[in-house]
Amino acid sequence: MWRVSTLQNYEIMTKVQNNLSGVSAEARAQAQRHYEQGRRYWSEGRHGDAMTEYNKAAALDPQSPAVTALHMADDIMDFFDHDRFNP
């Protein structure tokens with residue numbers, strides 16, 4: 001009987017997902033780095049820089065958690081910055 005370890009199964013599924021999404025492993029890793037940098041910027045209060053990093057990550061990988069983070073950050077900025085669109 002052939003058995004696959006959990007790690008091997010995870011690696012296989014990750015490769016399948018990457019092939020289906022059309023995003024290379026390198027692009028996915030780069031998107032993850034931009035997302036993590038964005039989180040650091042957000043925690044430092046550098047919201048504009050964080051949103052820029054989230055945008056970069058979303059452009060590289062549309063399934064990145066940065067897409068959700070960008071939407072949430074935009075909602076937060078709309079709520080707190082009333083003059084954002086009214087100079």
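What percentage of the 87 residues of the protein count as buried? The share is 24%, where buried means under 20% relative accessible area, exposed over 50% and partly exposed in between (1.4 Å probe, protein chains only). The model is predicted: local features need pLDDT of at least 70, side-chain atom pairs count only at pLDDT 80 or more, and totals for chains, interfaces and linings use all residues. Residues are numbered from 1 along each chain as its sequence is written, and side-chain values use heavy atoms, with hydrogens and water left out.

The secondary structure comprises 4 helices and 0 strands, in the order α-α-α-α along the sequence; helices (H or I, at least four residues) and strands (E, at least two) are DSSP runs, numbered from the N terminus.

Two of these helices, α2 (residues 25-43) and α4 (residues 65-80), have axes that come within 10 Å and cross at roughly 25 degrees. Axes are lines fitted to C-alpha atoms, for helices over the stretch in contact, and angles run from 0 to 180 degrees between N-to-C directions. The angle therefore makes α2 roughly parallel to α4, a label for angles under 35 degrees. On the α2 side, Gln 32, Tyr 35 and Trp 42 meet Pro 65, Ala 66, Ala 69, Ala 73, Ile 76 and Met 77 of α4, contact meaning heavy atoms within 4.5 Å.

Helix α3 (residues 47-60) holds Asp 49, which is partly exposed, with a relative accessible area of 33%. The side chain of Asp 49 makes a polar contact with that of Arg 46 (2.9 Å); such a contact is a pair of N or O atoms within 3.5 Å, and within protein one must be able to donate a hydrogen and the other to accept it, while residues adjacent in sequence count only if both atoms are side-chain atoms.

Definitions and conventions. Parallel < 35°, antiparallel > 145°, perpendicular 65-115°, else oblique.
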